[in-house]
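Subject: Structure for you to look at

Dear colleague,

Please find the structure below. My notes on it follow.

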Amino acid sequence: MLYVWTQKRGSKPSHEKKLGGIFMQKNLTKQIVLALVAAIYVAMTVLVAPISYGPLQFRISETLNHLMAYNKKYIISLGVGVFLANTTSPFGWIDMVFGTLATLLCCVISIVAFKKIKNELARLAFNIFNFTVIGMLPIALIIFFVDNSANTSAWAIYFSLLPSQFVIMSIGSVAMYIINKTIHLNDIV
């Protein structure tokens with residue numbers, strides 16, 4: 001491996017630059033990890049597809065939303081994953097567009113909040129609130145306007161979504177906390 005010392009005349013060496021493809025390899029590895037997370041989101045959604053959509057849903061892939069507590073770059077994986085998973089949604093393009101926007105909105109809210117929230121457990125708790133209380137409102141509206149075959153109010157749909165999302169996000173927070181102790185989720189992207 002080649003090293004180059006960069007320095008100004010009369011100063012001590014400031015840092016090393018590696019020549020070759022080392023930096024490109026690290027960048028590619030991080031992009032692969034982000035793509036894999038998106039693929040895992042899609043797989044986890046499609047595998048339980050009958051219960052991944054609708055007013056009584058149990059979308060286990062939502063546990064991956066907790067990755068935002070570790071690195072804001074996961075917004076890419078989550079956005080792409082939700083968009084692709086929603087291609088199989090019975091709500092069609094509306095869910096692809098507005099479901100993805102709902103996830104991205106919650107991701108942005110997390111990014112902004114995490115500028116102040118530094119504690120890992122507090123971040124995970126915030127995400128439970130954010131992706132449950134805030135994130136399910138647009139989803140309830142999608143279901144209400146696209147397929148309200150039960151002829152119920154948007155609020156009834158919203159409150160039917162909250163318990164399962166809360167359970168998924170709560171279990172997911174414990175799982176991500178444990179996984180982060182081994183893998184260090186911040187460092188891999």
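His184 lies in the segment after helix 6, where helices (H or I, at least four residues) and strands (E, at least two) are DSSP runs numbered from the N terminus. The phi angle of His184 is near 60°, a positive value in a residue other than glycine. With a relative accessible area of 41%, His184 is partly exposed; buried means under 20%, exposed over 50%, and partly exposed in between, with a 1.4 Å probe and protein chains only. Asn186 also lies in the segment after helix 6 and counts as partly exposed, at 38% relative accessibility. The C-alpha atoms of Asn186 and Tyr70 are separated by 4.9 Å, although the two residues are 116 apart along the chain.

Some notes on how to read the values. This is a predicted model, in which local features need pLDDT of at least 70 and side-chain atom pairs count only at pLDDT 80 or more, while totals for chains, interfaces and linings use all residues. Residues are numbered from 1 along each chain as its sequence is written, and side-chain values use heavy atoms, with hydrogens and water left out.

Overall fold

The chain has six helices and two strands. From the N terminus on, the elements run β-β-α-α-α-α-α-α. Of the 189 residues of the chain, 40% count as buried.

Salt bridge

How many salt bridges does a search of the whole structure find? The search finds one, a salt bridge being a side-chain nitrogen of Lys or Arg within 4 Å of a carboxyl oxygen of Asp or Glu. Glu120 forms it with Lys181, and the closest N and O atoms are 3.3 Å apart. Glu120 lies in helix 4 (residues 120-134) and Lys181 in helix 6, so the pair ties together parts that are 61 residues apart in sequence. Glu120 is buried, with a relative accessible area of 18%, whereas Lys181 counts as partly exposed at 47%.

Cavity and pocket

Both terms rest on a 1 Å grid over the protein atoms alone: a cavity is a set of points where a 1.4 Å probe fits but cannot get out, and a pocket is an open set with protein on both sides within 12 Å along at least five of seven lines; lining residues have an atom within 4 Å of a point. Grid points are joined across faces, edges and corners, and a volume is the space filled by probe spheres set on the points.

The structure holds one cavity of 30 Å³ or more. About 190 Å³ of space lies in the largest cavity. Of the 22 residues that line it, the closest to its centre are Arg59, Glu62, Thr103, Met136 and Ile139. Helix 3 (92-113) and helix 5 each supply at least two residues of this lining, and helix 3 gives the most, with five. By class, the cavity lining has 10 nonpolar, nine polar and three charged residues; here Ala, Val, Leu, Ile, Met, Phe, Trp, Tyr, Cys and Pro count as nonpolar, Asp, Glu, Lys and Arg as charged, and the others, Gly among them, as polar.

The largest pocket has a volume of about 160 Å³. Its lining consists of Val33, Leu36, Val37, Ile40, Leu64, Leu67, Tyr74, Met176, Ile179, Ile183, Leu185 and Ile188. Helix 1 (22-47) and helix 6 are the elements that give two or more residues to this lining, and the largest share, four residues, comes from helix 1. The pocket lining divides into 12 nonpolar, no polar and no charged residues.

Cys106

Cys106 is in helix 3 and counts as buried, at 1% relative accessibility. Cys106 and Thr132 are 26 residues apart in sequence and 9.5 Å apart in space, C-alpha to C-alpha.

Surface patch

Leu137, Leu141, Phe145, Val146, Trp155 and Phe159 make a nonpolar surface patch of about 630 Å². Patches are made of residues with over 30% relative accessible area and no salt bridge, like charges being joined within 9 Å and nonpolar side chains (Val, Leu, Ile, Met, Phe, Trp, Tyr) within 5 Å. Accessible areas come from the Shrake-Rupley method with a 1.4 Å probe, and for residues only the protein chains shown count as cover. Helix 5 (136-146) and helix 6 (154-183) each supply at least two residues of the patch; the largest share, four residues, comes from helix 5. Leu137, found in helix 5, counts as partly exposed at 34% relative accessibility.

Regards
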